[in-house]
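Here is a short report on ring contacts and strand pairing. The sequence and structure come first.

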Amino acid sequence: MESYWSPSSFFLIFLGFMCSCEANTFYAGGKSGWVLNPSESYSHWTERNRFQINDTIIFKFKIGSDSVLIVDIDDYSKCNKDKPIRELKHGDSKVKFYRSGPFYFISGHEDNCEKGQKLKVVVLSPNHKAHNALSPVSEPIGPVSPAPAPAQSAAGFSVSPSGFVWGFSLIIAAYFCILV
């Protein structure tokens, strides 16, 4: 009888697992969800989490009882609900971060924003430079210098974290090939 689990199957499953580990999902406000008085303040919650490109934030709330408005820095500061960039009305609203920098969220319900239901998320740049990640949306981020080339080893191959992960995954794949 032919086995469905070939070495290449294990390698693809392992590679898929490695790729899926790169992004995280966060629930705005943690256990409390998107509510007026969470058990942990929104500012404290964002400060203890590290947000990166491709991460997702989920806003959990009762449909019809609240909404989430994505706004710019000025509307965030003034709790202005008139011109949101986007309005999220569904109870499990998801936002995926495709760029670094700050993102501003406020409650669309009555005066909840004025009472503190607002959230600023700073998505780190891939090189984790704080001055880029903390720039307001309204200010352009200046030109970015290219990253230095990875160091070359004596054997002539690049040494980098991604190269290490790739090499490690090849070792694991080879290990599974030996077992099968």
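W34 counts as buried because its relative accessibility is 2%, under the 20% cut-off. Y42 counts as buried as well, since its relative accessibility is 3%. These values, like those that follow, come from a predicted model.

**Aromatic pairs**

The structure holds 9 aromatic pairs. One of them joins W34 and Y42. The ring centres of W34 and Y42 lie 5.1 Å apart.

**Charges over rings**

Two rings carry a charged side chain over the face, as listed here.

| Charged residue | Ring | Distance to ring centre |
|---|---|---|
| R99 | F103 | 4.3 Å |
| K118 | Y76 | 4.6 Å |

Five strands form an open sheet. Their order is β2-β8-β7-β4-β5, and the pairing is mixed. Strands β2 (51–52) and β5 (86–88) are the edges. Each edge strand pairs on one side only.

How many bridges join β2 to β8? There are 2, and the two strands run parallel. Strand β8 covers residues 118–124. In general, strands of a sheet pair through backbone hydrogen bonds.

Methods:
Residues numbered from 1 in each chain as written. Predicted model: local features only at pLDDT ≥ 70, side-chain atom pairs only at ≥ 80, totals over all residues. Heavy atoms only, no water. Phe/Tyr/Trp six-rings, centres within 6.5 Å; stacked < 30°, edge-to-face > 60°. Buried < 20%, exposed > 50% of the residue type's maximum accessible area, 1.4 Å probe, protein only. Lys NZ or Arg CZ within 6 Å of the ring centre and 35° of its normal. Pairing = 2+ DSSP bridges. Helix = DSSP H or I, 4+ residues; strand = E, 2+ residues; numbered from the N terminus.
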